[in-house]
Amino acid sequence: MQKVKGVEIGVPIVYGNVAFWLGKKASEFQSHKWTIYVRGVTNEDLSVVVKRVVFQLHASFNNPTRVVDTPPFELSESGWGEFEIVITLHFHTDVCDKPLHLYHHLKLYPEDDSGPLSTKKPVVVESYDEIIFTEPSEAFFARVQNHPAVNVPRLPPGLNLPPEDVDRKKRGDTKDHPLSQWFTNLSEADELLKLTAARQQVQGHIARLRRQLSLVDGQHQQLKPAPDP
């Protein structure tokens with residue numbers, strides 16, 4: 001599988017849950033209806049990168065290991081308790097052969113306990129992340145050109161790609177989601193700026209540590225006794 005050297009592909013994702021209180025329909029063991037999901041930042045279709053998503057629920061659920069093979073990568077259930085859900089992303093074979101594990105604590109109740117529960121306004125808890133693929137395969141690189149869910153750098157000189165799959169591009173947009181009005185309106189630019197700033201800060205720390213190590217090494221060299229004549 002041919003690799004594209006010196007290239008990184010970024011896939012921004014959001015994962016979390018939306019939970020609705022059932023109100024008068026609530027019972028002791030069925031107080032909320034909730035949906036757990038992985039989505040693009042503006043709800044793009046991630047299936048160009050992700051092959052399947054596995055949601056590992058609490059052991060008290062029937063069939064607690066739920067596999068979703070088609071977008072949207074989400075799962076809806078009902079219950080009364082909060083617990084940690086393991087979300088495992090499996091990628092297409094030309095993307096990555098190792099799965100990615102995400103961890104999300106299912107939230108049913110608001111943090112501040114402000115006022116009575118509402119059946120109209122859900123509890124929404126989401127996390128932002130970006131998956132980085134270094135030196136992607138040529139097939140993967142070609143497939144995600146101009147895809148709305150993926151950040152792709154400029155085409156390296158001398159690399160020729162096959163014609164773009166127009167139908168696949170159309171399938172990249174799945175913004176008409178019934179829960180989209182509740183999704184967090186994340187500014188990708190702001191998040192990427194924060195990410196870039198964090199990387200620069202880490203690189204600055206590494207550079208300072210290297211300088212300090214060089215100074216210490218130089219001092220050690222100076223302290224060594226001169227060899228006997």
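This is a predicted model: local features need pLDDT of at least 70, side-chain atom pairs count only at pLDDT 80 or more; totals for chains, interfaces and linings use all residues.
1. Nonpolar core. The largest nonpolar core contains 37 residues. Within this core, the residues with the most contacts are Trp 34, Val 49, Ile 87 and Leu 89. Seven elements each contribute at least two residues to the core, namely β1, β2, β3 (50–56), β5, β6 (84–91), β8 and α1. Strand β1 gives the most, with five residues.

2. Empty space inside a structure can be found by rolling a probe the size of a water molecule over the atoms. Across the whole structure, the search finds three cavities of 30 Å³ or more. The largest cavity holds about 120 Å³ of space. Its lining is made up of 15 residues, and those closest to the centre are Val 38, Arg 39, Asn 43, Pro 72 and Phe 73.

3. Origin of the cavity lining. Strands β2 and β5 each supply at least two residues of the lining of the largest cavity. The most comes from β2, with four residues. Sorted by class, this lining has seven nonpolar, four polar and four charged residues.

4. Largest pocket. The volume of the largest pocket is about 230 Å³. A total of 14 residues line this pocket, and Ser 60, Phe 61, Gly 79, Trp 80 and Gly 81 lie nearest its centre. The largest share of the lining, three residues, is provided by strand β5 (residues 73–79). By class, the lining of the pocket has six nonpolar, six polar and two charged residues.

5. Salt bridges in general. Side chains of opposite charge can pair when their charged atoms come close. The model has seven salt bridges. The points below take up pairs from this set, with attention to where the partners lie.

6. Arg 39 and Glu 126. In this salt bridge, the closest N and O atoms are 3.0 Å apart. Arg 39 belongs to strand β2 (residues 32–40) and Glu 126 to strand β8, so the pair ties together parts that are 87 residues apart in sequence. Are the two partners buried or exposed? Both Arg 39 and Glu 126 are buried. Arg 39 is also among the residues closest to the centre of the largest cavity.

7. Lys 5 and Glu 135. The closest N and O atoms of this salt bridge are 3.6 Å apart. The two residues are 130 residues apart and join distant parts of the chain: Lys 5 is in the segment before β1 (8–21), while Glu 135 is in the loop between β8 (123–134) and α1 (138–143). Lys 5 has a relative accessibility of 59% and therefore counts as exposed, since exposed means over 50%. Glu 135, with a relative accessible area of 33%, is partly exposed.

8. Glu 111 and Lys 107. This salt bridge brings the closest N and O atoms to 3.4 Å apart. Glu 111 has a relative accessible area of 66% and is exposed. Lys 107 has a relative accessible area of 15% and is therefore buried, because the limit for buried is under 20%. Through salt bridges that share partners, Glu 82, Lys 107 and Glu 111 are joined into one network.

Note on methods: Residues are numbered from 1 along each chain as its sequence is written. Side-chain values use heavy atoms; hydrogens and water are left out. On a 1 Å grid over the protein atoms alone, a cavity is a set of points where a 1.4 Å probe fits but cannot get out, and a pocket is an open set with protein on both sides within 12 Å along at least five of seven lines; lining residues have an atom within 4 Å of a point. Grid points are joined across faces, edges and corners, and a volume is the space filled by probe spheres set on the points. Ala, Val, Leu, Ile, Met, Phe, Trp, Tyr, Cys and Pro count as nonpolar, Asp, Glu, Lys and Arg as charged, and the others, Gly among them, as polar. A salt bridge is a side-chain nitrogen of Lys or Arg within 4 Å of a carboxyl oxygen of Asp or Glu. Buried means under 20% relative accessible area, exposed over 50%, partly exposed in between (1.4 Å probe, protein chains only). A nonpolar core is a set of buried Ala, Val, Leu, Ile, Met, Phe, Trp, Tyr and Cys residues joined through side-chain atoms within 4.5 Å.
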